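Please look over the sequence and the structure before reading on. The report is meant to be read beside them.

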Amino acid sequence: MDALAQMHFTTIDYVIFALLLASSMGIGLYYALSGGRQRTTQEFLLADRSMSCLPVSLSLIATFQSAVAIVGVPAEIYTHGTQYWFIGCAYILGLFIPAHIFIPVFYRLHLTSVYQYLELRFSKPVRICGTVTFIFQTVIYMAVCVYTPALALNAVTGFDLWGAVLATGLVCTLYTTLGGLKAVIWTDVFQTIVMFAGQLAVIVVGVQQTGGVAEVWRKVSEGNRISGIDLNPDPTVEYTFWTLGVGGVFLMLSLYGVNQAQVQRYLSAKTERDAIMSCYMVFPSLQLALALSCVMGLVMFARYCGEDHFHNLGVLSKNEMVLYFVMDMLQGLPGLSGLFISCLFSAALSTISSAFNSLATVTMEDLIKPHCPSMTDARATLLSKGLACSYGLLCLAMAYLTHLMTDSVLQTAFKIFGMVGGPLLGVFSLGLFFPWANSTGALVGLGSGLAMAFWVGIGSIVTSTSGGLAAVSQFNCTAVQLSGNITTAMGTALISTAMPTATHSRPMGLQRFYSLSFMWYSALNSFTVVITGLVVSFLTGPMKAEEVTPGTLYPLLGNMLFFVPDKLKQKLCCVTPLGHGPTIQECPPAQHERNGQAVYTEERQSFLLTSHTPVVEHETAL
């Protein structure tokens, strides 16, 4: 951090940063003291299902676009070139599939916790296992999200690192606990605007100081940082079109399809149509966020390639490179450093607050309420607030472990999503698409997926020889400052050596298996769950048509086998036609219909979650 030692905040920077924290707190207090004052679990956890698609979509992007991405993506572009940009291709299917498969199923079941689906489809043990897995994933990821902006604040102000961690966590915990999901969503909207403004300010100033757009393009082109499509099928290569464009789809599905933090936002929408539209509206925002991060990485490369400053980046980890670049660019411009740090904190606070609220939701709905059915709503709301606060404190404690990691924060985040989110995607896919899958198959499948995930993940850590430092020491950009009498050919030759020249031997055997790109983790682990779950289901007795709760299946196989006669299709796909399934017990009716969509009463929801008899209803059919 010596390279950052002389860079500090000015008074204006501190004022801008303080305004961000005060505004976030103010939004939380406003929703704590207005409306229903967060007195019911429906309002605290789901914002009374009253949100329109615009704030929901901005909250969805803010939840995904954390400080980890803002710090990590430019460093990856700087080091490896623009190949990472192809992950944008994965956003297409990664959002289209949740919009037309996951959202309709979950919204029509009128869930509060997405893991209630696992009980409706399988059994209570599957639901509990899914909930515990999600809690484990989210607490670890939140530790990374809390640590990243605190590291930035420590780097640019000299503010004590753990004091910054404490400040981040406490502010976020406070407004989440006070204002509930509605406060979380509206602070996300505010923080998204700050996030984009901070990144844009850095890019504009960086381009200007580098010599203009044309100069930036010349340097990154001559430095081989503009990548074409790499169709290398080797799954051990970190960034290729296949790992990003295909492996990235499974990563996106684990985030936008079955992650409680995202699904909770869909469920807070006024109507199913608003929920679907919010998912579509995320796409341009995600592409913009990706473009800003990638362009920042290119500008950073253009600014330092061939400069005396370049050796400073060689002693910094990937997590610190962007901070050095930002403070170097903005040092003489009061207020802009504070704006960028506010941008980082905005991204972090939005992600962390979403996680705290979702953790409180799944703990209350999946682990506490089933054992305390007589709990009053007021008591449940108070307990939910206590849970949100408790998880905030737990994540602060876990943040201490984050500074021990050797990977970049971006790679660490992807590994967490792949290792834990992948198996969760697998168990939901097993339930949605395969009617024969039973509870035993789901439990064994989830266990095998997690075992596979930790086998590969821990194996890669043990056998890895690469640390968190950027591979800048292999570059020769610092050799010469180009002068006017050096020929263009010579300049091109010097700058072209910026790409790493070292070659690595091809790993063999188990080491090659452990070298699998982390972008494939979600796909590998979800397929492990599905395949194992199906095999175990057939061995233990596949689920019968009359045992499947209507509304919990998506007719994927029925749509794919359109050429098969209906009678054979029904037998193969285990699909019970509407109105023909057995009804053993009368289900309490929906309270009312909202835009043609049935809305369940608490009595009806309780029935669906406790009854093991199937209920045929037109409202929940796809």
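What follows is a short account of a helix, a surface patch and some aromatic pairs in this predicted model.

## Helix α19 and its cap

Helix α19 covers residues 439-463, 25 residues in total, and its first and last C-alpha atoms are 36 Å apart, which is close to the 36 Å expected at 1.5 Å a residue. At the N-terminal end of α19 the cap is provided by N438, with a side-chain oxygen 3.3 Å from the backbone nitrogen of T440.

## A nonpolar patch on the surface

Four residues, L93, F96, M277 and Y280, make up a nonpolar patch on the surface, and together they present about 350 Å² of accessible area. Helices α5 (90-108) and α13 (272-304) each contribute at least two residues to this nonpolar patch. M277 sits in helix α13, and because its relative accessible area is 31%, M277 counts as partly exposed.

## Aromatic pairs

Across the whole structure, a search finds 24 aromatic pairs. One of them joins Y304 and F325, whose ring centres are 6.1 Å apart and whose planes lie at 85°, so this pair is edge-to-face. The pair links distant parts of the chain, with Y304 in helix α13 and F325 in helix α15 (residues 318-330), 21 residues apart; both Y304 and F325 are buried.

The aromatic pair of F434 and W436 is tilted, with 6.3 Å from centre to centre and 45° between the planes. F434 is buried because its relative accessible area is 17%, whereas W436, at 21% relative accessibility, counts as partly exposed. Ring pairs also link F102, F106, Y115, Y117, F134, F428, F433 and Y554 into a cluster.

Notes: Residues are numbered from 1 along each chain as its sequence is written. This is a predicted model: local features need pLDDT of at least 70, side-chain atom pairs count only at pLDDT 80 or more; totals for chains, interfaces and linings use all residues. Side-chain values use heavy atoms; hydrogens and water are left out. Helices (H or I, at least four residues) and strands (E, at least two) are DSSP runs, numbered from the N terminus. The expected span of a helix is 1.5 Å times one less than its number of residues. A polar contact is a pair of N or O atoms within 3.5 Å; within protein, one must be able to donate a hydrogen and the other to accept it, and residues adjacent in sequence count only if both atoms are side-chain atoms. Patches are made of residues with over 30% relative accessible area and no salt bridge: like charges are joined within 9 Å, nonpolar side chains (Val, Leu, Ile, Met, Phe, Trp, Tyr) within 5 Å. Accessible areas come from the Shrake-Rupley method with a 1.4 Å probe; for residues, only the protein chains shown count as cover. A salt bridge is a side-chain nitrogen of Lys or Arg within 4 Å of a carboxyl oxygen of Asp or Glu. Buried means under 20% relative accessible area, exposed over 50%, partly exposed in between (1.4 Å probe, protein chains only). Rings of Phe, Tyr and Trp (its six-membered ring) pair if their centres lie within 6.5 Å; planes under 30 degrees apart count as stacked, over 60 as edge-to-face and the rest as tilted.
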